[in-house]
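Thank you for asking me to look over this structure.

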Amino acid sequence: MTISEYLSDHIRAIAARTVFVVTAALFLMATGTQTGIIVILGIFWALLFFGMQITDFLRCRSYLQELEGIMDGLDKKYLFAECAPKSRRAYERRMMDLFRRAGRAMTTAVSDAEASIREYREYVESWVHEMKAPITAAELICRNLVRERNHQEVRRKLSLELAQVEAHVERVLFYARAENPEKDFLVWQVNLGDVVGQAIGQYRALLMENGIRVEMADLEQTVFTDNKWAAFIVGQLLQNAARYRGAEPVIMISVEEDLRESWHQENEVDTAAEGKKQVRLVVRDNGIGIPAHELPRVFDRGFTGSNGRARGGSTGMGLYLCKKLADSLEIDLEIASKAGEGTTVTLTFPAK
């Protein structure tokens, strides 16, 4: 609190007291009181008045500084009213009591909202698991169809549609889990070849239906990540490559190793680790590509772009989820594309 702020709050009281003192002085002069006595009384009143105002100003400023210190030290700012010290003034105590009541009401509302969101997320997860049962049953029915030509075609189409349903269900599950990723993923050493193989196996029917050839090279690299989440990210990239394929679609998946000198060598510290590896998984396709002006928005939630609107079936959630999950796993996700030439997505895994 500054002096100008204090004066603006007390200007009426100061003006009223000043008018009262001037009126009293005029009254004393009218009754024949000596001018010297009136001057002495005026000086005494001025010293007393200004002393009280300065004391009150310092008290108010100190109290506000104490409150600001408490606020700055709190992680949960909404608990400020509960932690604030009691004031010696009844008016301030009543105000803080109102703030406490408002804070409790807000805390209750926030807790109810969090509980509702948690229940909804749990319901979505349970719904996804329940949906997987009939999907699996339908797949088994497809496999048990009589191996005649007409049944083969029915089975192929039904399997493809079921794979799409399962992909959408899987996306919903990961979307629900992405709000609290630390409760689901487990980071350990995994082989990138296994991750890519798992993703390709999951979307094999989609790739075959669209006549997409997958070329892989140098995938025998190990990284520290969550196998399931990383496979989901790669699977979303495969789906995008299939949806926005070109005339002769090809997906090329490779690994690039980046060896960066560690700070230990720069400081000549004896250590067994001579460098820190960063492994990049590159997924490149020769599809229709992404217009340059849309590239900055491809990771935005719900953004479909001109290609998605033209071909239909796009939800704008695939790359958004990929980016969100990659950030949780500390994977650097980058995308480069040129309209009519294809798209390249690079996943850079952390050094450790």
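1. A surface patch, as the word is used here, is made of residues with over 30% relative accessible area and no salt bridge, and nonpolar side chains are joined into one patch when they lie within 5 Å. The model you see is a predicted one, and a patch of this nonpolar kind is formed on its surface by Tyr91, Met95, Leu98 and Phe99, which together have about 430 Å² of accessible area.

2. Phe99, one of the patch residues, has its place in helix α4, which runs over residues 90-143.

3. Turning to the open spaces, the largest pocket has a volume of about 410 Å³. Its lining is made up of 17 residues, and those closest to the centre of the pocket are Ser159, Leu160, Ala163, Arg204 and Ala205. The elements that each give two or more residues to this lining are α4, α5 (149-177), α6 (192-202) and α7 (204-209).

4. Which element gives the most to the lining of the largest pocket? That element is α5, with seven residues. By class, the lining of the largest pocket holds seven nonpolar residues, three polar residues and seven charged residues.

5. The second largest pocket, with a volume of about 340 Å³, is lined by 15 residues, of which Tyr63, Leu64, Leu67, Tyr91 and Glu92 are the closest to its centre. Helices α1 (3-30), α2 (35-73) and α4 are the elements that give two or more residues to the lining of the second largest pocket. This lining has ten nonpolar residues, one polar residue and four charged residues.

6. How many cavities of 30 Å³ or more are counted? The count comes to one, and about 490 Å³ of space lies in the largest cavity. Of the 36 residues that line the largest cavity, Asn240, Tyr244, Ile290, Thr304 and Leu319 are the closest to its centre.

7. The largest share, six residues, comes from α8. By class, the lining of the largest cavity divides into 14 nonpolar, 17 polar and five charged residues.

8. On charged pairs, side chains of opposite charge can pair when their charged atoms come close. A search of the whole structure finds six salt bridges. One of them joins the side chains of Arg297 and Asp300, with a distance of 3.9 Å from N to O. Arg297 counts as partly exposed because its relative accessibility is 45%, and Asp300, with a relative accessible area of 36%, is also partly exposed.

9. In helix α11, Asp327 and Lys323 are four residues apart, so about one helical turn separates them. These two residues form a salt bridge in which the closest N and O atoms are 3.7 Å apart. Asp327 is partly exposed at 44% relative accessibility, and Lys323 is partly exposed at 23%.

10. A further salt bridge brings together the side chains of Glu341 and Lys338, at 3.8 Å from N to O. Are the two partners of this pair buried or exposed? Glu341 is exposed, with a relative accessible area of 52%, and Lys338 counts as exposed at 51%.

11. A last point concerns Leu140, which is placed in helix α4 and is partly exposed, with a relative accessible area of 43%. Leu140 and Ser159 are 19 residues apart along the chain, and their C-alpha atoms are separated by 9.7 Å. Ser159 was named above as one of the residues closest to the centre of the largest pocket.

How values were computed:
Residues numbered from 1 in each chain as written. Predicted model: local features only at pLDDT ≥ 70, side-chain atom pairs only at ≥ 80, totals over all residues. Heavy atoms only, no water. Patch = residues over 30% accessible without salt bridge, like charges linked within 9 Å, V, L, I, M, F, W, Y side chains within 5 Å. Areas by Shrake-Rupley, 256 points an atom, 1.4 Å probe, with all protein chains shown as cover. Salt bridge = Lys/Arg side-chain N within 4 Å of Asp/Glu carboxyl O. 1 Å grid on protein atoms, 1.4 Å probe; cavity = no way out; pocket = protein on both sides within 12 Å on 5 of 7 lines; lining within 4 Å. Points joined across faces, edges and corners; volume = space filled by probe spheres on them. Nonpolar A, V, L, I, M, F, W, Y, C, P; charged D, E, K, R; others polar. Buried < 20%, exposed > 50% of the residue type's maximum accessible area, 1.4 Å probe, protein only.
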